[in-house]
Amino acid sequence: MGCVDAAVQAPSIHNSQPWQFLLVPGGVEVHSDPSRRLPAVDPQGRSMHISLGAAVLNLRLAVRYLGRREHTELLPDPRDRRHVATVRAGERYTPGGDDEELYEAIPHRRSNRSPFEDVPPPPGALEPLITAAAAEGAELRFLDQDESDFLLYLALMADERRRESPAYRRELYNWVTDDPYRDDGIPLAAVGPWTEGGPVSLRDLAPDREVPGRASVRLEREPTVAVLTVRGEDAPPQWLRAGQAMQRVWLDATRRGLAVSVFTTPLEDPELRDALRRPSDPITYVAFRLGYAPPAAATPRRPVDEVIAYTRPVPIRPPHLG
């Protein structure tokens, strides 16, 4: 149960928490929960799989922290698209400093939508994040000013396009909540401010809600922006790898005292996503804004007993298997 406790602390799109866990001898199976998929913003299930990958990484860290080597198999059953991973505990293992610090960062990881200080993180705080991404088979690249401005412009364009979609606005309204007893979704307190002027504009998570005390702010003048890429097809194995790499980078940044804001709006739009890369480039899955800021509030999580499956979840079979 301790390992699943860590897994449910993973980030997920709109805090939808699209996972179920089946306890099996010696390990945990991770399954998607299709009832929590967001069809308007994520029709392919790309962001859902990135979220699931983040939960897999937390599971792996928990196993190592508890003194066992972890053995992870992604998409182990070709007959079941819901079964995205199995994480098993292996032989005894003595966790090192990185294992312990990353695991201990799990409950402190936050998505921070507040203004960051106009003091960029030094290279010594950023370079280890490149190593963290590489450990999961991904690449993390920090953008120069022109590249950053272009990506942030696409993010603004993507947000404007999304808000023109009634289906998207309904979906957002359902997942941004003013219910203090709800244990999923994005609380109004975590929506963040309106942004005005400057190079950074955050996604408006509450275009159809009144948010008490919500202010307009100008964010940092020269944001530190990085993109996470994975080589290969744009398909579930790469999505899960991207999710694990995203989470390792995020936890590594957290333990180093960095504030992190992840934005994916331009990456959710195929047309804008293609504008970011040449055909030979790896695919970008996540963009990070990093800096220094006061701690952000936590978002709620469902109780562990609600995400434990006590019987095998009904599989979703690939089309060619009927």
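Q: How many salt bridges does the count come to in this predicted model?
A: The model is a predicted one. A salt bridge requires a side-chain nitrogen of Lys or Arg within 4 Å of a carboxyl oxygen of Asp or Glu. By this rule, the count of salt bridges comes to 27.

Q: Glutamate 271 and arginine 161 meet in a salt bridge; how many residues apart in sequence are the parts that the pair ties together?
A: The side chains of glutamate 271 and arginine 161 meet at 3.3 Å, N to O. Glutamate 271 belongs to helix α9 (residues 270-275) and arginine 161 to helix α5 (residues 145-163), so the parts tied together are separated in sequence by 110 residues.

Q: Is glutamate 268, which forms a salt bridge with arginine 203, buried or exposed?
A: The closest N and O atoms of glutamate 268 and arginine 203 are 3.1 Å apart. A residue under 20% relative accessible area is classed as buried. Glutamate 268 has a relative accessibility of 11%, so this residue counts as buried.

Q: How far apart are the end C-alpha atoms of helix α7?
A: Helix α7 comprises 20 residues, 236-255. At 1.5 Å a residue, helix α7 should span 28 Å, and the distance between its end C-alpha atoms agrees with this: 29 Å.

Q: How many of the 20 residues of α7 are buried?
A: Buried residues have under 20% relative accessible area. Helix α7 is mostly covered, and among its 20 residues the number buried is 16.

Q: Which residue with a positive phi follows α7?
A: The phi of this residue is near 80 degrees. The residue that follows α7 is glycine 257.

Methods: Residues numbered from 1 in each chain as written. Predicted model: local features only at pLDDT ≥ 70, side-chain atom pairs only at ≥ 80, totals over all residues. Heavy atoms only, no water. Helix = DSSP H or I, 4+ residues; strand = E, 2+ residues; numbered from the N terminus. Expected span 1.5 Å × (residues − 1). Buried < 20%, exposed > 50% of the residue type's maximum accessible area, 1.4 Å probe, protein only.
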